[in-house]
Amino acid sequence: MLNLILLGPPGAGKGSQAKSLAARYGISQISTGDILRVAVRDKTPLGIKVRSFMDKGALVPDNLVVEIVAERLTMDDCKTGFILDGFPRNITQAEVVEKMLGGLGEKIDKVINIEVSHKEIVKRLSGRRVCRNCGEGYHIIFNPSIEDKICDKCKGEIYQRDDDKEDTIEDRLKVYEGQTSPLTDFYKKKGLLVAIGGVGGFKEITEKIVNAIESR
Ligand code: AP5
């Protein structure tokens, strides 16, 4: 049983690292961003409610994301553990998840904070492209698809997330500084926080995270 939280600014590599760690430890990745994007794509009632918040880089109201996480945590695939990726995003959400887990007789084992500079984030996110069908990630310079705008894996259409436009990236970074970054102190006080430098080779960063997890 291993329960983790991945913290870090937009573009820090939370989603990419969470996928790799989930496979390595046989636990589930819970990405509120991915769940919300699918809801927007499918125009579900939730998707219709949250779209305007996401497009402008604002946080979706707490009650909506808390409901998603509460439902997800009780699913069978979380019985061996989970990685929360993109949740919590403010102190209220952090307090709610603590209570939620307490009610299930569980707790967070470690909080990994991936640190990346503002300049690097803008470079990563402004060039990021994603497959609309399977979610595979690309970068126009560092990791382009073989055929223009076509996913190498599933031949789906590759697009740019609306919130990856440069102005919105700046707005997301402001939201991160104002609302999410206080979580580092919150978890430091609880003795759960480990800071990891998020610049360098992908595997090298995974290994740093694995060392932090296994040194508990
Ligand atoms: P969400 O999807 O969570 O977006 P985010 O936190 O802004 O994170 P990203 O997906 O942009 O980045 P990441 O850190 O996962 O990095 P990634 O691995 O993709 O949230 C989107 C929106 O949903 C929010 O703005 C909000 O509206 C809403 N939302 C979600 N959760 C919410 C919540 N709890 N409460 C309220 N609202 C919520 O990597 C980024 C790029 O960098 C990729 O191109 C990748 O290939 C590249 N990369 C990764 N690692 C490296 C490396 N080592 N070197 C070079 N490039 C790298």
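In which sense do strand 5 (residues 128–131) and strand 7 pair, and over how many bridges? The two strands pair in the antiparallel sense, over two bridges. This pairing belongs to a predicted model, in which an open sheet of three strands is found as well as an open sheet of five strands.

**The three-stranded sheet**

- The strands of this open sheet follow the order 6-5-7, and their pairing is antiparallel.
- Strand 6 (137–139) and strand 7 (158–159) are the edge strands, each of which pairs on one side only.
- Within the pairing of strand 5 with strand 7, Val130 has Tyr159 of strand 7 as its bridge partner.
- Arg129 is a residue of strand 5.
- Residues up to four places away in sequence set aside, Arg129 touches Glu136, Gly137, Tyr138, Ile140, Ile158, Tyr159 and Gln160.
- Between Arg129 and Asp109 there is a separation of 20 residues in sequence and, from C-alpha to C-alpha, of 33 Å in space.

- Helix 9 (residues 202–214) lies across strand 1, strand 4 and strand 8, and it runs at about 160° to strand 8.

**Strand 1 and its partners**

- Strand 1 pairs with strand 3 (residues 81–85) in the parallel sense over five bridges.
- In strand 3, Leu84 is the bridge partner of Ile5, and Asp85 is the bridge partner of Leu6.
- Strand 1 also pairs with strand 4 in the parallel sense, over four bridges.
- There the bridge partner of Leu6 is Ile112 of strand 4.
- Is strand 1 mostly covered or mostly uncovered? It is mostly covered, as six of its six residues are buried.
- The cover extends to both faces of the strand: Leu2, Leu4 and Leu6 are buried on one side, and Asn3, Ile5 and Leu7 are buried on the other.

**The nonpolar cores**

- In soluble globular proteins, nonpolar side chains tend to be buried together.
- The largest nonpolar core here has 29 residues, of which Leu73, Phe82, Leu84, Ile108, Val111 and Tyr187 touch the most other members.
- Two or more residues of this core come from each of strand 1, helix 2 (32–41), helix 3 (45–55), helix 4 (62–73), strand 3, helix 5 and helix 8.
- Which element gives the most to this core? Helix 4 does, with six residues.
- Apart from this core lies another, of 23 residues, including Leu6, Ile114, Ile169 and Ile209.
- When neighbours within four places in sequence are left aside, Val111 is in contact with Ile5, Leu7, Tyr187, Leu192, Leu193 and Val194.

**Helix 8**

- Helix 8 (residues 182–189) has Leu183, Thr184, Phe186 and Tyr187 as buried residues.
- These residues cover an arc of only 160° around the axis, and therefore they lie on the same side of helix 8.
- Lys188 and Lys189, on the other side of helix 8, are exposed.
- The buried residues of the helix pack against strand 1 (2–7), helix 5 (91–103), strand 4 (110–115), helix 7 (166–180) and strand 8 (193–197).
- Just after helix 8, Gly191 adopts a positive phi of about 75°.

**Cysteines**

- How many disulfides does a search of the whole structure find? The search finds zero.
- Cys151 is in no disulfide, and the nearest cysteine sulfur, which belongs to Cys134, is 3.8 Å away.
- A disulfide would require the two sulfur atoms to be within 2.5 Å.
- Cys151 counts as buried, because its relative accessibility is 0%.
- Cys78 has a relative accessible area of 2% and is therefore buried as well, since buried means under 20%.

Terms used
Residues are numbered from 1 along each chain as its sequence is written. This is a predicted model: local features need pLDDT of at least 70, side-chain atom pairs count only at pLDDT 80 or more; totals for chains, interfaces and linings use all residues. Side-chain values use heavy atoms; hydrogens and water are left out. Buried means under 20% relative accessible area, exposed over 50%, partly exposed in between (1.4 Å probe, protein chains only). The arc is that of the directions from the helix axis to the C-beta atoms. Contact means heavy atoms within 4.5 Å. Two strands pair if DSSP finds at least two bridges between them. Axes are lines fitted to C-alpha atoms, for helices over the stretch in contact, and angles run from 0 to 180 degrees between N-to-C directions. A nonpolar core is a set of buried Ala, Val, Leu, Ile, Met, Phe, Trp, Tyr and Cys residues joined through side-chain atoms within 4.5 Å.
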